[in-house]
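User: Could you walk me through this model, one question at a time?

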Amino acid sequence: LVRLRARLARSQNSLGKGLLTLLSRDNLDEDTWEEIEDTLLTADVGVAPTQELVERLRERVRVLGTRTPEGLRTLLREELLTLLGTDFDRAVKTESGLDTPGVVMVVGVNGTGKTTTTGKLARVLVADGRSVVLGAADTFRAAAADQLQTWGERVGARTVRGPEGGDPASIAFDAVKEGIAEGADVVLIDTAGRLHTKTGLMDELGKVKRVVEKHGPLDEVLLVLDATTGQNGLVQARVFAEVVDITGIVLTKLDGTAKGGIVVAVQRELGVPVKLVGLGEGPDDLAPFEPEAFVDALIG
Ligand code: GDP
C-alpha cells in the first residue's frame with residue numbers, strides 16, 4: 001500500500017503542487033483564480049465541479065482571511081474531499097448474503113483494463129481467504145479468455161470459459177453455476193466491451209445480466225474506465241450506464257496520468273463511487289479508492 005501511495009503521489013503531484021503554488025501567491029487576484037480553474041480543468045475535474053470548488057475556496061479564503069501555506073493547504077484539502085464525496089460506500093460488494101456466491105460483473109470498453117482488473121481483484125479476494133471462480137465471458141477479444149485463465153492460475157482461481165466466439169451469456173451462466181456447485185465465495189465475470197453499436201452492447205450485457213440473475217442477485221457491476229482517456233471515458237461511462245446499472249467504478253492507469261480529476265468527473269456523471277483504482281500492470285497494483293489518501297497524494 002505504501003508503494004501504491006508513492007506511485008499515486010508521483011503521478012498526481014504536479015496537480016496538487018500547482019494548486020498550492022498558485023494559492024500561495026502574494027496576490028490572489030482574478031488572474032490567479034482563473035489559473036487555478038485552468039489547472040483543475042486540465043486535470044479533468046470537469047467544468048461544473050471546478051467552478052464549485054473555486055467558488056467555495058475563494059469565499060472561504062476571503063471570509064477567513066487565510067494566507068498561511070498551512071491554512072491554505074487545509075482549506076484546499078477540505079474542499080477537495082468535499083468534491084470527492086466522503087459519504088459514499090466504497091466497499092466492493094462480494095457477498096450475496098445468501099448461501100450462494102457473491103457475483104460481480106466487470107464491464108467496460110476493451111483496452112481499459114477489464115481483464116487485468118478482474119485478475120487483480122481475484123488476487124485480493126484469494127489473499128483474503130475467499131475462493132473465487134472466474135467467468136471468461138469476453139469471447140469477442142480472442143486472447144481475453146487465455147489472459148484471464150493465466151491470471152486465474154497465477155492467483156489460484158478456477159476459470160470457466162467457452163469456445164472462442166461463444167455466447168457470453170451462457171459462459172456467465174456456467175460460471176455462476178460452477179461457483180454454486182463448488183461452494184465458491186465469489187464469482188467474477190469478465191465481459192466483452194465492444195462499443196460498435198449501443199444496441200449490440202445492450203443486448204449482450206443485458207443478456208449476461210439476465211442469465212446471471214436466474215441464479216440469484218448480481219451483487220456488483222463494476223465499470224472499468226481508463227483514467228488516461230479523459231472526457232472520452234465519460235462518454236463511454238454514459239453509454240454503459242444506460243445499458244446496465246453500474247454500482248461502482250474502477251479507474252485504471254492512474255499511474256500513467258496526472259489527470260486524477262477524472263475521479264470527480266466520473267462520479268458526478270454516474271452518481272456512483274469510484275471503488276478501486278489501478279496503479280500499474282502488476283498483480284498488486286489494485287487499491288481501494290480512499291479519498292483522504294488520494295487528496296494527500298495530490299497536495300503532498
Ligand atoms: P481489457 O481489454 O479491458 O480486458 O484490458 P486489459 O486488461 O487487457 O488491459 C489492457 C492493457 O492495460 C494491458 O496492457 C494491461 O496490462 C494494462 N493495464 C491495465 N490496468 C492498468 C493500470 O492500472 N495501470 C497500467 N499502467 N496499465 C494497466
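User: How many bridges join strand S2 to S4?

Analyst: Happy to start there, with a word on the model itself. This is a predicted model, in which local features need pLDDT of at least 70 and side-chain atom pairs count only at pLDDT 80 or more, while totals for chains, interfaces and linings use all residues. Residues are numbered from 1 along each chain as its sequence is written, and side-chain values use heavy atoms, with hydrogens and water left out. Strand S2 (residues 132-137) runs parallel to S4, and the number of bridges joining them is six.

User: Which residue in S4 does Val132 stand opposite?

Analyst: Strands here are DSSP runs of E with at least two residues, helices are runs of H or I with at least four, and both are numbered from the N terminus. Two strands pair if DSSP finds at least two bridges between them. Val132 stands opposite Val186.

User: And what is the bridge partner of Val103 in S4?

Analyst: Strand S1 (residues 102-107) also runs parallel to S4, joined by five bridges. In S4, the partner of Val103 is Val187.

User: How many residues of strand S4 are buried?

Analyst: Buried means under 20% relative accessible area, with exposed over 50% and partly exposed in between (1.4 Å probe, protein chains only). Val186, Leu188 and Asp190 point one way from S4, Val187, Ile189 and Thr191 point the other way, and all are buried. S4 (residues 186-191) is therefore largely enclosed by the rest of the structure, its buried count being six of six.

User: Which helix gives the most to the shell around the ligand?

Analyst: The ligand is surrounded by 18 residues, and the closest are Gly111, Lys114, Thr115, Thr116 and Glu281. A residue is near a molecule if one of its heavy atoms lies within 4 Å of it. With four residues in the shell, the top contributor is helix H5 (residues 114-127).

User: How far is an oxygen atom of the ligand from an N or O atom in the side chain of Thr116?

Analyst: A polar contact is a pair of N or O atoms within 3.5 Å; within protein, one must be able to donate a hydrogen and the other to accept it, and residues adjacent in sequence count only if both atoms are side-chain atoms. A polar side-chain atom of Gln147 lies 3.0 Å from a ligand oxygen, and a polar backbone atom of Lys114 is 2.8 Å from one. For the side chain of Thr116, the distance is 2.5 Å.

User: Is Thr252 buried or exposed?

Analyst: Thr252 belongs to strand S6 (residues 248-252). Its side chain reaches the backbone oxygen of Thr112 at 2.6 Å. Because the relative accessible area of Thr252 is 5%, this residue is buried.
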